Amino acid sequence: MFKKYIWTWILLLIAAVMAGYLIYNSLDFGKEEYPKLGKVETFSMENVDGSKVSLEDTEGKTRLFYFYFTSCPDVCPVTTFSLSQVQELLKEDETFGKKASFVSISFDPEVDTRETIKAFADRFKADYSGWYFLRGDAEETKQLARESFKILIEGNSVDNFVHANLIALVDQDNNIRKIYNASNTEEAAPEIIARDVRNVVSE
């Protein structure tokens, strides 16, 4: 009997496996959750091209936010390089620019002129079509980092700056969905961040 209907049993088994897979995915089992951790407060800053960019100008796309300064001797260049790798991964399926963008914000505007920022960004082959490099009032920038992202920035020059090296994942509606410790190369690996960006884009 079994041999006679072997192909029927095989097809039924395949159908059962596929049904189980669809149910598993529809219920989001095994998928990472992205809770809403807070809202990004509104801002308006100068972009590297001289234009004014507000939070509202970046809405509608999933975004990665990063606070840095160009004369940073250690973590900022390394993290910006990591973001450039995320940029290239997201370009593979045209997510970057169309559905996702990056927002890097300097908290040292006295040193970080537009020219200085552009030279810094060019080192990492930043694609300005989807990557904002902003600068604004130093104290307002620190306040934005602290109140929206819970990122502490202390000091007023390269000699005494202390800051948390974090990347924030923000959805289309300005909700913060995940915070990465950028110094943790496993937690903030480019492949992981790119995956998370795509997941939030597809929500």
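The protein contains six helices and ten strands, taken as DSSP runs (H or I, at least four residues, for helices; E, at least two, for strands) and numbered from the N terminus. The model is predicted, so local features need pLDDT of at least 70 and side-chain atom pairs count only at pLDDT 80 or more, while totals for chains, interfaces and linings use all residues. Residues are numbered from 1 along each chain as its sequence is written, and side-chain values use heavy atoms, with hydrogens and water left out.

Of the 203 residues, 44% are buried (under 20% relative accessible area, 1.4 Å probe, protein chains only). Contacts (heavy atoms within 4.5 Å) were examined between residues at least 6 apart in sequence; 69% of these join residues at least 24 apart.

Helix α6 spans residues 190–201. From first to last C-alpha it reaches 16 Å, close to the 16 Å expected at 1.5 Å a residue (1.5 Å times one less than the number of residues). Its buried residues are P190, I193, A194, D196, V197, V200 and V201. They lie on the same side of α6, because they cover an arc of only 160° around the axis (from the directions of the C-beta atoms). An α-helix has 3.6 residues a turn, so residues three or four places apart point the same way. The cover over the buried residues of α6 includes β4 (62–68), α3 (75–91), β5 (100–106), β9 (166–170) and β10 (175–181).

Helix α3 also gives the most to the lining of the second largest pocket, with four residues. Other lining residues include N165, I167 and P190.

Key: Buried < 20%, exposed > 50% of the residue type's maximum accessible area, 1.4 Å probe, protein only. 1 Å grid on protein atoms, 1.4 Å probe; cavity = no way out; pocket = protein on both sides within 12 Å on 5 of 7 lines; lining within 4 Å.
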